[in-house]
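The following exercises are to be worked through with the sequence and the 3D structure at hand. Each task is followed by a solution in steps.

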Amino acid sequence: MTTTTSHPETAEHVPAQTPLQRSPHIGGTFLPAGHPPLRTNGEAGPGHRAPVLAIAGGTASGKSTVAEALAAQWPTTVTLIHLDDFYVPAHEPYRGVRTLSATGVETLDWNHPGSIDVDAAAAEIEAAATSGRHRIVVVEGLFALTLHKIAAHATWKTYVDAPDDIRLARKLVRKIEVQHQDPLVSLRNYLLIGRDRHTEHVAPSRHRADLVLDGTMPTADLLTAINQLVKAHLPITT
């Protein structure tokens, strides 16, 4: 497994009466009828296969934030896998998908699902699900619902949606405040590559989701909706 700590580029609110109200509209938070049944119930332990929650969404939609909040809320119950940790090595020219950045330098295309070592990621998910140590395995990333080998493991499929301008603004803030990178390069790469890659590879996976979350809502609200989805596998609290 290759861990990538950062990379130059990766990528509507409808009021609801309850966090899980079904809605035919784009955006909002809903749980469609006929969502997949829970595969398993009971405690973690030998012979227990943990169900998998896949969380997808565009760059800076809020998917990592809510996934990390869920893992922090249930530290002994939930294990978290980031697909960002499974990009192929950027220095290996014969693996992944290559592209030219806005600076004219050939680089790994961080916005393309073909740049993920999907076999390694799927093996990690399977190992975590069958380890007997977890009640729930959460896998989050741009392509959590795009890559068939990843989505096929999912008991529940979730997509965090946010308008393009919100996602871009959040990304630029992160580039400036956290990574101390030139936002001009990010903007040029977004126009050159990122925007089209999101439209082609990430946004269509929204329609595969059982639960769509409005990424502009507070994290606590998104966490409540996810907890409702997976509650049968959470510890009983008093």
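**Exercise 1.** Identify the residues of the largest nonpolar core that touch the most other members.

*Solution.* A nonpolar core is a set of buried Ala, Val, Leu, Ile, Met, Phe, Trp, Tyr and Cys residues joined through side-chain atoms within 4.5 Å; buried means under 20% relative accessible area, exposed over 50%, and partly exposed in between (1.4 Å probe, protein chains only). The largest such core has 31 residues, of which Ile81, Tyr87, Val137, Val139, Phe143, Ile150 and Tyr159 touch the most other members. At least two residues of this core come from each of strand 1 (52-57), helix 2 (118-129) and strand 5 (136-140). Helix 2 contributes the most, namely six residues. Helices (H or I, at least four residues) and strands (E, at least two) are DSSP runs, numbered from the N terminus. A second, separate core holds 21 residues, including Val66, Leu70, Val138 and Leu229.

The model is predicted: local features need pLDDT of at least 70, side-chain atom pairs count only at pLDDT 80 or more, and totals for chains, interfaces and linings use all residues. Residues are numbered from 1 along each chain as its sequence is written, and side-chain values use heavy atoms, with hydrogens and water left out.

**Exercise 2.** Locate Ser64 and classify its accessibility.

*Solution.* Ser64 belongs to helix 1 (residues 63-73). Ser64 counts as partly exposed because its relative accessibility is 26%. Between Ser64 and Gly141, the C-alpha to C-alpha distance is 7.3 Å, although they are 77 residues apart in sequence.
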